[in-house]
Amino acid sequence: MLSLSQTSNRLLCVEWIPTESGPKVINYKKLSYNSKLYIDFLDSVFNDFKIQNTEDINKTITLSLDIDNVCITSFKYDPQFPLNDKIKWYENNFLGKYITDNHDIYYYPIEGEDNEIMVIYISKDLKNNILSSCKKYGYKLKHLSTNIFSANHVVHIYNNSENDKYILWKIGKGNNQHLLYYEKEVLKHYLRLKCGKKIECIQSIGQKILKNNLISLVKSFLRDNIEINSNFYDKIYLYQSKSNFKLLEKIYN
């Protein structure tokens with residue numbers, strides 16, 4: 001099985017096989033990759049990445065896209081009215097014909113009193129290019145996601161308790177920070193911050209109290225003079241997509 005993860009202008013390639021003791025990595029490489037359209041993207045992969053296990057049964061691919069390759073937004077709705085009616089109204093009045101005609105759109109309710117729906121949409125051309133390249137090499141696309149949401153699947157491997165309240169924190173490039181907040185494996189909040197001389201909220205989806213708690217949490221780690229509020233979570237999972245480990249080490253310490 002082949003797992004690919006896009007990070008900026010890189011593709012991380014991992015070939016692995018399932019075993020009784022869990023996944024076993026048999027091949028790994030980091031490749032340069034600059035195209036955002038993914039036209040014949042496996043041509044570039046297989047030019048530099050030699051597959052070791054060629055059995056047809058393992059010809060499946062999981063692909064995690066950089067979050068900038070999709071659009072994330074949200075809207076609120078009144079639960080007294082059918083959600084499908086609200087979605088149709090939202091598509092007609094906010095997204096518009098160009099988006100609906102040229103993108104695949106996915107809706108994810110965020111639990112909470114705000115009755116908010118996360119909207120993720122991806123270019124049909126991009127998705128079709130990925131599928132065409134997989135078909136060209138006889139591979140089946142088993143899973144397509146974006147990086148921070150894909151990382152949550154790894155959390156499930158290491159998180160033994162289904163009752164945990166945990167934060168998944170991605171340290172991105174350009175002072176961008178992405179955070180997901182889960183309770184009992186249910187997504188409650190998505191937060192994107194720009195952390196330079198000041199901490200700026202770029203996007204927040206979910207309850208306002210969680211937004212405030214998460215921003216205060218980030219400030220407490222990045223600004224040493226602020227007390228850490230750890231009452232609303234049990235664990236934090238950290239990962240990053242850049243080679244400089246300075247900030248990761250600071251937060252970890």
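Colleague: How does the lining of the largest cavity divide by class into nonpolar, polar and charged residues?

Modeller: This is a predicted model, and a search of the whole structure finds one cavity of 30 Å³ or more. About 40 Å³ of space lies in the largest cavity, whose lining is made up of Met1, Leu2, Glu15, Ile51, Asn53, Asn58 and Tyr139. Sorted by class, these lining residues are four nonpolar, two polar and one charged.

Colleague: In the open sheet of three strands, which strands stand at the edges, and why is one side of each left without a neighbour?

Modeller: The strands of this sheet follow the order β5-β7-β6, and their pairing is antiparallel. Each edge strand has a single partner strand, so one of its sides is left without a neighbour in the sheet, and the strands in this position are β5 (71–76) and β6 (103–110).

Colleague: What angle does the direction of helix α2 make with that of β6?

Modeller: Within the sheet, neighbouring strands are turned by 25° against each other on average, if direction is ignored. Six bridges join β5 to its antiparallel partner β7 (residues 116–123), and Cys71 is found opposite Tyr121 of β7. Helix α2 (residues 83–102) packs on this sheet with contacts to β5, β6 and β7, and its direction makes an angle with that of β6 of about 150°.

Colleague: Which element gives the most to the lining of the largest pocket?

Modeller: The largest pocket has a volume of about 1400 Å³, and of the 35 residues that line it, Ser3, Ser5, Val14, Ser150 and Val154 are the closest to its centre. Elements that give two or more residues to this lining include β1 (2–7), β2 (10–19), β3 (22–32) and α4 (147–158), and by class the lining holds 18 nonpolar, twelve polar and five charged residues. With eight residues, the element that gives the most is α4.

Colleague: Which element gives the most to the lining of the second largest pocket?

Modeller: About 440 Å³ of space lies in the second largest pocket, and of its 19 lining residues Tyr108, Ile120, Leu144, Ser145 and Thr146 lie nearest its centre. Two or more residues come from each of β6, β7, α3, β8 and α4, while the division by class is 14 nonpolar, four polar and one charged. The element that gives the most, with five residues, is β8.

Colleague: In the open sheet formed by five strands, which strands stand at the edges?

Modeller: This sheet has mixed pairing and the strand order β12-β11-β10-β9-β13. An edge strand here has a single partner, so one side of it is left without a neighbour in the sheet, and the strands to which this applies are β12 and β13.

Colleague: How many residues lie between β11 and β12 in their hairpin?

Modeller: Strand β11 (residues 186–195) pairs with strand β12 (residues 199–206) in the antiparallel sense over seven bridges, and Leu191 has Ser204 of β12 as its bridge partner. These two strands form a hairpin, and the number of residues between them is three.

Colleague: What angle does the direction of helix α5 make with that of β11?

Modeller: Strand β10 (residues 176–183) runs antiparallel to β11 and is joined to it by eight bridges, with Tyr181 partnered by His189 of β11. Helix α5 (residues 208–222) packs on the sheet, touching β9 (165–171), β10, β11, β12 and β13, and its direction makes with that of β11 an angle of about 45°.

Definitions and conventions: Residues numbered from 1 in each chain as written. Predicted model: local features only at pLDDT ≥ 70, side-chain atom pairs only at ≥ 80, totals over all residues. Heavy atoms only, no water. Pairing = 2+ DSSP bridges. Helix = DSSP H or I, 4+ residues; strand = E, 2+ residues; numbered from the N terminus. Axes fitted to C-alpha atoms, helices over the stretch in contact; angles between N-to-C directions. Contact = heavy atoms within 4.5 Å. 1 Å grid on protein atoms, 1.4 Å probe; cavity = no way out; pocket = protein on both sides within 12 Å on 5 of 7 lines; lining within 4 Å. Points joined across faces, edges and corners; volume = space filled by probe spheres on them. Nonpolar A, V, L, I, M, F, W, Y, C, P; charged D, E, K, R; others polar.
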